[in-house]
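Here's a quick briefing for anyone opening this structure for the first time.

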Amino acid sequence: MSRAPLWRALAAFAVIATSLFLAFSTEPRLGLDLRGGTQLVFETKDSPTVKADSEATDRALDVLRRRADALGVVDPTLVRSGEKRIIVELPGVLDPQQAAEVIGRTAQLAFHSVEGLAEQGDKTALPDESGQPLKLTPPVISGDGITDAAAESDPQRGPGWWVSVQFRDAAAWQKMTGEAACAPAGDPKRRVVIVLDKEIISSPQVDPSVPCRAGIPGGGTDITGSFTHEEANELAVLIKGGALPLPMDLVEQRTVGPTLGADAIEASAKAAVVGLIATTLFIIIVYRLVGLLAAIALVCYGLIAYAVLVAMGATFTLPGLAGFVLAIGMAVDANVLVFERAREEYHQAPARGLKTALDRGFKFAWSAIADSNITTLIAAGLLFWLASGPVKGFGVTLGIGVLASLVSAMVITRALTQLVINRIGPRISGLGSIGSVRTWLTRKNPQLMSARKLWLIVAGGIAVVALAGLFSRGLNFGVEFTGGRIVEFGTAQPLSADKARQAVAQAGFPNAVVQSSGDGVSVRAGALTIPEVAKIEAALEGQAGEVTKQRDEFIGPSLGEELRRNALIALAVAVAAQLAYLAFRFRWSFGAAAVIALLVDVSVVIGLFAWLGKPIDGVFLAAMLTVVGYSVNDKVVVFDRVRELWAARRKAPLSEAVNGAILQTMPRTVNTGLGALFILVALAVFGGDSLRDFAIALVAGIVVGTLSSSFVAGPMAIVLGRFDGQSPPEPPKPRTKRSREGSGAVV
């Protein structure tokens with residue numbers, strides 16, 4: 001007797017137990033779009049003395065990390081991305097101006113001696129606090145020579161704040177002040193000048209009590225300058241952090257309020273619960289007892305995927321949560337493939353029993369399951385390598401979800417069903433009948449491929465209408481692809497779009513794109529500074545009472561161009577990768593037919609967004625690559641069955657195998673699509689604007705992708721098959737058991 005079921009049950013128990021331990025012992029790490037805060041992306045630039053390579057960027061990263069620590073930010077995240085970019089996440093910091101100025105200032109700090117008053121027209125001179133130009137010596141002490149700096153105050157010394165500085169080389173400071181003390185009182189040469197970013201921030205005179213050449217001992221001094229507490233603390237942070245080794249540009253900034261993040265978590269949780277309940281009820285109604293066991297496995301899938309994510313330390317973002325919820329619907333696919341195949345096996349040979357039918361269902365469905373999941377993993381991998389920001393998290397979540405769904409279907413579902421399959425009857429099991437839809441299709445046997453030219457003409461017409469939107473309406477590229485700033489405000493009172501537009505125009509920005517929805521207003525412009533955002537916020541407050549900034553997103557023009565280029569590369573590579581994989585697994589004509597159908601799917605979704613004026617942004621890119629993976633997934637299942645039917649009847653025309661494959665896989669296609677649609681409808685209903693657009697793109701992609709598998713990919717495979725010189729596939733050779741030589745006894 002085979003011990004495989006026992007080992008499978010033990011493996012399922014071990015996986016579930018480990019997942020439970022990880023899920024309850026590890027805190028999830030929430031992204032800034034879920035807990036609130038600011039994300040800054042800096043890009044290092046070459047300086048006259050330092051090249052912006054990975055080593056120099058790492059040194060800059062260390063400086064930024066010291067500054068973030070000095071700011072007192074709880075759990076900041078700073079990582080290098082690529083060779084020249086640094087991503088800084090500051091949870092709880094909702095003032096992007098403060099964060100960018102303190103974290104990202106070049107902060108070239110230096111202490112100079114004074115040679116005297118500068119002559120008129122001297123471009124090397126710097127004005128002091130009163131505007132008097134001073135001619136300075138080269139830096140005597142640089143920012144690297146400072147060990148500590150702190151903002152201090154003392155009521156006994158009077159009101160105000162100053163910055164206490166400690167030097168690494170006490171002798172250098174003593175020598176510098178000793179030389180300055182040789183000048184008479186009131187002479188500019190008696191002053192020590194502190195320069196920050198080519199600006200004199202303090203130029204105190206050496207106290208008259210300090211003798212010439214003696215200097216100030218102890219290696220410390222106080223920088224005074226009528227500072228407020230905030231100014232003194234900011235200066236201390238910059239001095240203590242040190243000077244950046246090379247200049248940096250802020251190329252991306254995202255700020256999300258905590259309220260918006262909490263709403264996103266609640267919306268995703270509602271979508272997950274509602275979608276999971278709807279999917280569970282659907283699969284139980286269709287597949288009865290084995291459907292119930294598959295639903296239990298789906299819950300285990302969610303647990304496994306969550307446990308893997310928290311164990312990896314992955315950051316949960318809003319698109320990532322959407323990917324997690326979506327993967328629940330896609331996890332149904334493997335179970336549906338197995339159950340539909342088991343139904344076929346039992347229908348063909350009831351005498352073998354339910355257990356044999358179920359075993360053969362798992363065996364014969366594995367090829368389609370593996371191929372379809374690999375195509376989805378290709379899309380997830382492209383999202384991870386080519387996308388940026390939160391969309392990268394979506395790729396990680398989707399990829400882990402695919403792998404977890406395989407464990408759920410092939411290990412847990414199989415272990416549960418094998419425990420009970422011999423104890424129940426065919427009717428209760430849900431495997432005793434191929435279903436009313438499949439029965440009707442078998443009896444009628446409609447010849448869909450006889451009208452293949454008509455289907456291709458209709459598909460071409462739909463694609464042309466969709467793409468016409470690109471020329472008549474154009475694409476509404478988001479700031480991620482165009483560069484610029486988009487700010488979303490929450491208003492205490494509803495504000496119409498006309499009034500909001502008028503308020504923004506009065507603030508000095510008549511060309512900004514202003515949209516209003518309920519108690520929210522979004523403003524988008526190509527070039528908005530942070531002070532200008534504050535002016536817009538004040539103007540809106542005059543119209544709608546209290547205004548809260550919920551989201552602030554800035555993308556530099558160079559980064560926007562790069563993201564747009566990467567999006568096109570991602571789609572092109574996705575299509576090429578799918579074609580290569582399908583050509584390898586099947587034949588080039590099947591791969592080309594699938595890619596042509598895929599182009600129809602993509603054009604319809606893009607055209608729909610063009611006609612509706614929906615934004616084309618990173619979330620849309622995630623949706624499109626998911627559509628690519630899902631659509632090819634569906635076509636793989638059809639072509640896998642085509643190959644099987646054609647191999648069984650090699651002399652029959654290809655059109656007959658294609659027609660039969662479409663009819664046989666249609667119940668699986670419909671059931672899988674409905675499983676994903678339940679989740680997506682829940683996301684559209686409960687999610688915010690970005691999740692709603694994400695759901696719309698995927699709903700359109702799934703519906704069109706399901707239809708194109710039958711009415712575009714199938715007919716195109718027949719047309720291209722005329723030019724395919726390969727012979728029909730060989731039927732699989734039966735596996736023969738090797739006979740054992742001898743009795744096996746040992747003398």
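Let's start with a helix on a sheet: α16 lies across β17 (484-491), β19 and β20 (547-555), and runs at about 30° to β17. Keep in mind that this is a predicted model, where local features need pLDDT of at least 70, side-chain atom pairs count only at pLDDT 80 or more, and totals for chains, interfaces and linings use all residues. Residues are numbered from 1 along each chain as its sequence is written, and side-chain values use heavy atoms, with hydrogens and water left out.

A few terms first:

- Helices (H or I, at least four residues) and strands (E, at least two) are DSSP runs, numbered from the N terminus.
- Axes are lines fitted to C-alpha atoms, for helices over the stretch in contact, and angles run from 0 to 180 degrees between N-to-C directions.
- Contact means heavy atoms within 4.5 Å.

**The sheet**

- Eight strands make an open sheet with antiparallel pairing, in the order β3-β4-β2-β14-β20-β17-β19-β18; two strands pair if DSSP finds at least two bridges between them.
- At the edges sit β3 (77-81) and β18 (513-517), each pairing on one side only.
- On average, neighbouring strands of this sheet are turned by 20° against each other, ignoring direction.
- Strand β2 (residues 37-44) pairs with strand β4 (residues 85-91) in the antiparallel sense, over seven bridges.
- In that pair, Gly37 stands opposite Pro91 in β4.
- Helix α15 packs on the sheet too, touching β18 and β19 (520-525), and its direction makes about 145° with that of β18.

**Helices α15 and α16**

- The axes of α15 (residues 497-506) and α16 (residues 530-544) come within 8 Å and cross at roughly 135°.
- α15 and α16 are therefore oblique to each other (under 35 degrees counts as roughly parallel, over 145 as roughly antiparallel, 65 to 115 as roughly perpendicular and the rest as oblique).
- Lys499, Ala500, Ala503 and Val504 in α15 meet Ile536, Ala539, Leu540 and Gln543 in α16.
- Sorted by class, that contact has six nonpolar, one polar and one charged residues (Ala, Val, Leu, Ile, Met, Phe, Trp, Tyr, Cys and Pro count as nonpolar, Asp, Glu, Lys and Arg as charged, and the others, Gly among them, as polar).

**Helices α19 and α20**

- α19 (residues 618-648) and α20 (residues 654-686) have axes that come within 8 Å and cross at roughly 140°.
- That makes α19 oblique to α20.
- Their contact includes Tyr630 and Trp646 of α19 and Leu654 and Gly673 of α20.
- The residues of this contact divide into eleven nonpolar, seven polar and three charged.
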